[in-house]
Amino acid sequence: MMSIMKNIFVNCLILIGIIAFAVSCQYKFTVEPVIPPIPPGDTISFSLQIVPMWADAGCADCHKSGGQLPYLTADVAYSSITGAGLVNTGVPAESIIYNFPSPDSDTHTWKKYTASQAALVLQWIEKGAKNN
Ligand code: HEC
């Protein structure tokens, strides 16, 4: 009987130790924004993901017909960026539509993609920059 009690007590101590260790670890690292990788098989839709992101991010406030090129509104975005050579499917990271407003560029300082917006655009280009 006593040894069962002792076992439970020891197990509890071990459990508390594990929890304390796990909790203490959480505060040791600075939190980096983790961008979940998009599974390789997943498609990224230009019309359902990229264009709405440009609208949500406020890009299309300036980049719309009559305003600043490239036009990033749904009706003309694809032809506007591909026609102006802003997409480089050979070297995706050198695409101007990706790197000009990317968070670590020193261009377009008034408005940047967030890290996850930039990752989305890059992965769309890596997947062939389809008008899908
Ligand atoms: C406040 C207005 C404004 C907003 C908002 C804005 N831009 Fe721009 N953008 C400009 C201006 C002005 C230029 C031209 C600047 C230059 O050439 O240095 C430009 C240039 C660019 C270029 C380079 C075009 C080229 O032909 O070289 C890209 C790409 C671009 N913007 C994308 C975006 C994206 C994506 C967003 C949203 C995250 C955005 N812009 C938000 C005003 C804006």
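Ile-97 is buried, with 26 other C-beta atoms within 10 Å. Buried here requires 20 or more other C-beta atoms within 10 Å of the residue's own; exposed means 12 or fewer, partly exposed lies in between, and C-beta atoms are placed from the backbone. This is a predicted model, in which local features need pLDDT of at least 70 and side-chain atom pairs count only at pLDDT 80 or more, while totals for chains, interfaces and linings use all residues. Residues are numbered from 1 along each chain as its sequence is written.

Ile-97 sits in helix H5. Helices are DSSP runs (H or I, at least four residues), as are strands (E, at least two), and they are numbered from the N terminus. Leaving out residues up to four places away in sequence, Ile-97 touches Ile-81, Leu-86, Val-87 and Val-121. Touching means contact: the C-beta atoms of the two residues, placed from the backbone, lie within 7 Å.

Val-121 belongs to the largest nonpolar core, which has 16 residues. Such a core is a set of buried Ala, Val, Leu, Ile, Met, Phe, Trp, Tyr and Cys residues joined through C-beta atoms within 7 Å. Val-121, Trp-124 and Ile-125 touch the most other members of this core. Helix H2 (46–56), H4, H5 and H6 each give two or more residues to the core. H6 gives the most, with three.

How does the whole chain look? The protein chain holds six helices and zero strands. Along the sequence, the pattern reads α-α-α-α-α-α. Of its 132 residues, 17% are buried. Among contacts with a separation of 6 or more, 44% link residues 24 or more positions apart.

Next comes the ligand. A shell of 20 residues surrounds the ligand, and the closest are Ala-57, Cys-59, Cys-62, Phe-100 and Lys-111. A residue counts as near when its C-beta atom, placed from the backbone, lies within 6 Å. H3 and H5 each supply at least two residues of this shell. H3 gives the most, with three. By class, the shell has 14 nonpolar, four polar and two charged residues. Ala, Val, Leu, Ile, Met, Phe, Trp, Tyr, Cys and Pro count as nonpolar; Asp, Glu, Lys and Arg count as charged; the others, Gly among them, are polar.

The backbone has some local features to check. Leu-69 and Pro-70 are joined by a cis peptide bond, with omega about -5°. Pro-70 lies in the loop between helix H3 (59–62) and helix H4 (77–83).

Two residues other than glycine have positive phi. His-108 has phi of about 55°. His-108 is in the loop between helix H5 (96–99) and helix H6 (115–126). His-108 is partly exposed, with 13 other C-beta atoms within 10 Å. Ala-129 has phi near 50° and lies in the segment after H6. Ala-129 is buried, because 23 other C-beta atoms lie within 10 Å.
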